[in-house]
Amino acid sequence: MNTFFKIGERGSTVGTEVRAGITTFLAMAYIIAVNPALLSAAGIPVGAAVTSTCFAAGIMTILMGLFANRPLACASGMGINAVVAFSLTAAAGGDWKVAMAVIFLEGLIILALVLCGLREAIMEAVPVSLRHAIAVGLGIFIALLGLINGGIVVNDDSTLITFGSVYNPVFLVGIISVVVTFALYVFKIKGYILWGIIIAAVAGVPLGVTPMPTGIVQLPDFTTFMAPFQTAADGSGMAIVKVFVNPTLLVFVFSIMLSDFFDPMGPAVAVGKQGDFLDEDGNVKDIRKILIVDSLAASVGGLFGASSCTTFVESASGAADGGRTGLTSVVTGVIFLLAAFFSPLVSMIAAPATCGALVMVGFLMMNVVSDIDFSNPLDGIPAFMTIIGIPLTYSIATGIGLGFITYTLMAVCTGNASKVKPLTWLVDIAFLISFLIA
């Protein structure tokens with residue numbers, strides 16, 4: 001095991017990797033409840049959605065660990081699952097099987113682009129300043145997710161967001177999670193992120209935030225598996241055939257593909273920063289293997305009926321807890337598979353308990369901001385747009401797109417158009433098209 005995963009070579013231990021895998025799972029466990037809740041709006045049975053969510057995440061996360069040997073975990077992506085539930089299924093005539101066929105196809109297209117080297121080439125074409133900005137923007141985004149989970153940041157009709165109520169039990173659990181995690185970090189307690197989640201979850205019991213399990217075992221329901229190749233709701237043939245005869249669905253294939261194409265860029269950089277697998281230029285080591293698994297995950301998500309699976313930015317919590325190898329991912333993936341049978345117990349880890357873990361990861365990712373030269377407009381302005389774009393649009397891909405386009409504009413304005421690589425121009429065009437058809 002040590003030789004296969006290069007655990008000692010990367011300065012880790014089996015115990016550290018196992019703990020980091022548990023930390024990553026707990027930071028992501030909310031997806032087991034949230035994804036089925038969203039997909040049920042598309043008509044997918046909740047029990048079947050739980051099974052597909054757990055199995056897609058488990059299998060692809062294990063594959064990430066074995067093939068790429070990096071501490072990255074995959075699960076159904078937030079954002080695209082909402083598109084599937086509220087837009088794509090409607091465009092497919094209310095047939096969620098056809099919607100999953102769209103996801104399956106866009107994942108295959110991305111996989112083909114990875115295998116021909118285009119996706120990797122585009123990531124390598126990202127200017128160094130933007131790579132740093134993506135990491136910072138992701139840090140703020142992760143922290144924002146945590147604060148929302150903890151009820152510390154809430155919706156407001158007048159100001160969009162505002163400070164939550166200190167009398168709200170969710171707020172109290174979120175604050176406990178943040179304070180405990182930061183305190184354990186200061187005192188250099190090993191596994192401080194994992195302990196922060198556990199202590200906050202326990203504190204949430206008397207506050208009524210941590211739910212008591214309604215049972216222990218829940219048998220898997222595999223009825224959504226192979227959804228694209230099941231018979232369409234109207235009985236006229238396989239669901240996947242419906243996509244090719246509907247121009248609207250083909251547009252969905254393209255638009256969702258653009259989002260899935262760029263979404264893993266941020267998590268890969270973020271986790272690479274925490275897991276120490278960025279090179280001196282900010283490039284992610286072994287990126288090709290990571291992108292292959294991520295692309296395959298998108299397609300498998302559609303195949304299983306779990307929506308598109310992607311690399312989760314919460315993986316950074318495990319890397320921050322010491323995870324350095326694929327063993328972290330294997331542990332996370334195995335727990336996801338087990339969770340398919342014990343989902344009532346997993347539901348006890350409520351989102352507020354993960355607040356401190358995500359805020360801590362955001363804090364740890366902020367140190368790279370000093371590597372950005374804000375005095376240089378060509379570096380500073382695009383970096384700024386990326387940093388604010390990711391959290392304020394609540395979209396990793398949109399924030400990256402704003403950074404790309406701004407970089408090209410600044411290059412032209414400063415007389416540095418020759419520095420813009422041909423692929424960057426192509427990416428700019430793709431993002432503009434995606435913004436126009438969104």
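Okay, let's start with a term: a pocket here is an open set of points, on a 1 Å grid over the protein atoms alone, with protein on both sides within 12 Å along at least five of seven lines, and its lining residues have an atom within 4 Å of a point. A volume is the space filled by probe spheres set on the points, and the points are joined across faces, edges and corners.

Before we go in, this is a predicted model, where local features need pLDDT of at least 70, side-chain atom pairs count only at pLDDT 80 or more, and totals for chains, interfaces and linings use all residues. Residues are numbered from 1 along each chain as its sequence is written, and side-chain values use heavy atoms, with hydrogens and water left out.

So, the largest pocket. It holds about 1,100 Å³ of space. There are 42 lining residues, and Met-78, Gly-79, Ile-80, Ser-259 and Ser-395 lie nearest the centre. Helix 12 (247-262) is among the elements that give two or more residues, and helix 12 gives the largest share, 8 residues. Helices, by the way, are DSSP runs of H or I with at least four residues, strands are E runs of at least two, and both are numbered from the N terminus.

You'll find Ser-395 in the loop between helix 19 (377-392) and helix 20 (396-413). Is Ser-395 buried or exposed? Buried, because its relative accessibility is 18%, and buried means under 20% relative accessible area, exposed over 50%, partly exposed in between, with a 1.4 Å probe and protein chains only. Leaving aside neighbours within four places in sequence, Ser-395 is in contact (heavy atoms within 4.5 Å) with Gly-389 and Ile-390.

The second largest pocket has about 310 Å³. Among the residues lining that one are Ile-140, Leu-144, Pro-391 and Tyr-394.

There's also 1 cavity of 30 Å³ or more, a cavity being a set of points where a 1.4 Å probe fits but cannot get out. The space inside is about 100 Å³, and the lining includes Met-123, Arg-131, Met-265 and Ile-287.

Last stop, the cysteines. How many disulfides does a search of the whole structure find? It finds 0, a disulfide being a pair of cysteine sulfur atoms within 2.5 Å. Cys-74 is buried at 0% relative accessible area, and Cys-309 is buried at 1%.
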